[in-house]
Amino acid sequence: MTLPNDLFQFFGLLGALLLLARPFGTFMSRVYNGERTILSPILTPCENLFYRICGVDRTDEMSWQRYALAMLLFNLVFFLTLLGMLLAQPVLPFNPQGLPDLSWPLALNTAVSFITNTNWQNYSGESTLSYFTQVVGLTVHNFVSAASGMAIVIALIRGFVRRTTATIGNFWVDLTRSVLYILLPLSLVAAVFLVSQGAIQNFSDYKTVPLTQSLSYDKPKLNAMGSPMLDQAGKPLTEKAIAKEATIPMGPVASQEAIKELGTNGGGFFNANSAHPFENPTPLSNFMEILLILLIPAALTRTFGVMVGNPRQGRALLGVMLFLFIAAFAVLHWSELASTPMLHHLGLIGGNLEGKELRFGLLGSNMFSVATTATSCGAVTAMHDSLTPLGGLVPLSLILLGEIIFGGVGSGLYTMLAFAIIAVFVSGLMIGRTPEYLGKKIEVREMWMSIVIILISGIVVLISSGLAMITPSATASMANPGAHGLSEVLYAFASMANNNGSAFTGLTGNTNFYNLLGALAMLIGRYVPAIAVLAMAGGLAEKKYVSPSLGTLPTDQFPFAFWLTIVILIVGALTFFPALALGPIVEHLSMTGVN
Amino acid sequence: MSKHLSEQKSIFDAALLRAALVEAVKKLDPRSLWRNPVMLCIEIASCITVITFIMSLTGAGREPAWFTGQVSVWLWLTVLFATFAEALAEGRGKARAASLRKSRTDVVAKRLASADPGGTTTTVNASQLRKGEHILAETNEVIAGDGEIIHGAALVNESAVTGESAPVVRESGGDRSAVTGGTTVVSGSVVIRITADPGETFLDRMISLIEGAKRRKTPNEVALEVLLIALTLVFLLVCANIYPLSIYSVAATGLGHPVSLTVLVALFVCLAPTTIAALLPAIGIAGMDRLFQKNVIALSGRAIEAAGDVNILLLDKTGTITYGNREAVEFIPVGNHSEREMAEAALIASLADETPEGRSIVTLARQRFKLDQQVMPIDGEPVEFSAGTRLSGLNTAGKQYRKGAADSLVAFVHGLEGESIPSDLAQVVDRVARAGATPLVVCCGTEIFGVVNLKDIVKTGIQERFCQLRAMGIKTVMITGDNPLTAAAIAAEAQVDDFLAQATPEDKLRLIKESQEAGFMVAMTGDGTNDAPALAQADVAVAMNTGTQAAREAANIIDLDSNPTKLLDIVEVGKQILMTRGNLTTFSISNDIAKYFAIIPAALLSIYPQLGALNVMRLASPQSAILSAVIFNALVIPFLVPLALKGTKFRPMPAEKLLISNLMVYGVGGIIVPFVGIKAIDLVIGLFV
């Protein structure tokens, strides 16, 4: 675990990513443009059949309003289906453990979580959900929620490409192509690969195995109502218990795992998520999972570049993402390597391994943590709660920046494009031109929409975390009161409002407060920006093209990329500095003060 | 321009400052401040601090009254500085509008029953005139309204509008028929058809434009305001978020107090983009005012901003790129004549020629060979230029001196049965024509002396201006009625990027439409009626004030001096307005970093003493830290007023370099300056506390 080896692996990951992103991005642009690809001979007949069954006319171009309506209706139908499935779980098949239905706030939160591509989990998969729910409910949503995001960003790209027209494509076609040509084939390959590494894929009953060594533990005493009994001091009463055997949950894991990473969904089959050996068996599978998380968001920058007719435009955005990604990883890895004074005091050197899956070590865990929060994935191999304060600041900041460093599938790029529009606007003024991006003038409508896209999640985080802090039932959910507990709550709402879905852990999320307010945060954080993106796409498509000249600021060159990076960091810092000061920053200052 | 400078007041003239201060206080009225929502929020915040001040006076608050009182005073000053900047920007325009208004009052008109100048007239007040009516204007009368001369010619003093005291000729027909209400007929008598109803005349529009009464925010200004309002909203929420977070932190640590309302309000005001929001209206108003100082009237702020975006500039050759008239620059003898003989012949042939070209031949001949009076014939019979012969000259002492185009002159010589056409004539004529000049052949009887090289003189310094334009990314296209050969030569000399030769109005219109379809912004200057369609099509259309009514109506910018290179100034001001906005926005937002480092540790220190580590400026106490940030935030506005009113200096350079250079000054500078400023103010406060 030497530094050169770490650097080699990290840059090896980025190298592999860049190598794959380019051809894959080109492939996606051909898919969305309806051009012929290597998969066409097999998949085009399926696609046509699908349209014929559903009555979709592929030449039917939609206005942005129709496109948005189709997207919302589609999501609504899937939301209701999933909600029904969660509430009716006992009567549905493939439930070998006989798991009961979910409480309605939890079902609501979970259904919202999966349609919004958040995959925030206020439950443990293995003890709450049946195989039917996992496969027909969640896995299907992992595909369609990701495809929805991809369709939206493609519509936005069309807005830039098209001139003086009112239409931005057909939602049903974009959705179908996303699933059929991109998500399904890749998931298939990835799932087979994961099985080869040891991920499981079955519908068996949970297995009970004897422990090689029996284990004694304190078990809380429960009263007749099933809630813990307390002594006079208010502490839970416990009794000694001995465990001789363990139950090992089974299930169709590999199929869900593949799309979980690829669609930046992040909802684990098991509570332990990608730290579970059945989900993520080997260091190689860990590497591949990270790659899968980053692949589509990174490749979409290439798709964007190709579709707008200038790959350099996509490369500039990719450069900004890469820079921030490397910087985030550097801070996190350095902070975890430096560990904490408390661990040093105990004589534990060699980095902070608390909360990390030892099979992957510091490096594998840290790479995963950065990748999962830079995108809107939210799968985890390490418990972010156990990171050092500055280390924990990194995933939190990555989420708070708006999930744009690669970002969610589709949502990452469209949020980044909104940032680019803000950056273009201010820099355009600074060089004395009414601003334009990709040949389209940036005017009042684009400003409104871009601001909604980049700020709405932050606004939701500020309001909901503020509410939580003065709600006694909400602060009671913290595992560690004080600055760390504040970070837990801030992280929870950041994760939900930005549709990430990872948890800082430590916070008991399955309460009415977090279920309901969280569901609202996820809905606003997903659909308000999505509608704004489509409205902007419609407006852009209607505009005429403005030719670049010497006086136009090139948006595919270093100065603009540099400026865009600064805008992203400043907007993030200005919005969240006070909250972060009361969370991770003061925790770090207190911790180093101990020294 | 110098004639206007004398009447121009400095922006910081004492009288203007006083008037602006009074106006600034009036503008604190929320009903007028609502046009600037960010500053309205600051005013509401200021009101809240007045309440917290009263509370701390009564001992209800935790903070000492000197602190809440000071915060309140400086917040009010922040708002006042903002309204003051706007009032100051409007001040100079208002003064000029007042003087214009004087020239409009109490004018009477002689209304004619018909367009017949001999018809009976009735005396009516100017305000009763309507579009389409006819009036008679005679010597020493003020023209009662905007209109077009349909009969006669007059010398008109337009100083009321243009500041130019030399009278100009206005006559019916042609491109100089428009007259403006408020101007005075110096001599002559004309019949005018009124073209604007009262209240809509040029003078009325000018007054309301200058006063800013009708000033509408430009789309770009609104878009920037959207950004500022959104940032303000976010900062409002940030401050609102700190309160519950601090309540929780107090409960969790058992230390300190939740952040007080005064501190939250102070933080909000410091974070909100007050600097740019305060100066935003002033930037636009001052930009238009700077154009007024250059005698350019923009009929909308939008046109000026569009001028900053222009990629293609269509310029009329005559009067813009070249001085209006061709000049003789060279005498080229042919056959066995000497240059001096040639010059003498040309001089005599041109003596009776009063055209500028003819006079320039006389001047050149005198300069080159000191040809004095002896050479001059005492008398002679002038031969006027006629369409039939296309020659002009002088018959004197039995000799026929003629000058004219080569083919006409050769025909004339052949007509006199002269045979001796010098063999090198054709070659010389061809050479001169190829260089873009006009060859004028001179003869005496059947004897051809040589060729006068009549050249279009490109204005001095015009190449540099085109170079500047090119550096800004603006392509210049010369429009001329000349043949392509001449046009190409002049285009090369003036260093324009392209030219349109033998241009008809349809050609101009087509060129503009094609450029616009290819995604370019087109600016054009014009004065004639035949320019009107092209002007109406162009994105930025500058009409000369001497131009026709049609041209002036089609344009969105009017140049009172009728100097076509003004477009360059307009482009510059347009860019300056945008750059000033962009730079101040960047500066304003960059400032927030230092303010965070001043206020956040101060506000939270009682809960978490560890946060003292963030007090990188080592400010003396929490209260002085917060106060220093508030004072800095207020004072930076008056400090930047001169920049807002004069505009960022514009240097033509490629976009990327310009961005980097402005980022260094206003971005990096915006980060550093408040650290220094806040620390300095803190030190000063330390002297008193």
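## Chain A at a glance

In chain A, residues 24 or more positions apart account for 79% of the contacts with a separation of 6 or more (a contact means heavy atoms within 4.5 Å). This is a predicted model, where local features need pLDDT of at least 70 and side-chain atom pairs count only at pLDDT 80 or more, while totals for chains, interfaces and linings use all residues. Residues are numbered from 1 along each chain as its sequence is written, chains are lettered from A and ligands numbered from 1 in the order in which they are written, and side-chain values use heavy atoms, leaving out hydrogens and water.

Chain A comes to 19 helices and 4 strands; these are DSSP runs, H or I of at least four residues for helices and E of at least two for strands, numbered from the N terminus. Its radius of gyration is 24 Å, close to the 25 Å that the globule rule gives for 595 residues, so chain A is as compact as a globular protein of that length. (That radius is taken over C-alpha atoms, and the rule is 2.2 Å times the number of residues to the power 0.38.) Of the 595 residues, 62% count as buried, meaning under 20% relative accessible area with a 1.4 Å probe, protein chains only.

## Two domains in chain A

Chain A splits into domain 1 (19–200 + 256–300) and domain 2 (207–248), with bounds from an automatic or database domain assignment. Their centres, taken over C-alpha atoms, are 39 Å apart.

## Chain B overall

Now for chain B, which has 23 helices and 22 strands. A compact globule of 689 residues would have a radius of gyration near 26 Å, but chain B has 34 Å. Its C-alpha atoms fill a box of roughly 120 × 60 × 45 Å along the principal axes, and 54% of its residues count as buried.

## A sheet in chain B

Seven strands of chain B make an open, mixed sheet in the order 10-22-21-20-11-18-19; strands pair if DSSP finds at least two bridges between them. Strand 10 (296–298) and strand 19 (498–500) stand at the edges with a single partner strand each, so one side of each lacks a neighbour in the sheet.

Inside the sheet, strand 11 (residues 312–316) and strand 18 (residues 475–479) of chain B run parallel over 5 bridges. Here B:L314 stands opposite B:V477. Helix 17 (residues 484–494) of chain B packs on the sheet, touching strand 18 and strand 19. Helix 18 (residues 505–517) of chain B packs on it too, touching strand 11, strand 18, strand 19 and strand 20 (522–526).

Key. Axes fitted to C-alpha atoms, helices over the stretch in contact; angles between N-to-C directions. Buried < 20%, exposed > 50% of the residue type's maximum accessible area, 1.4 Å probe, protein only.
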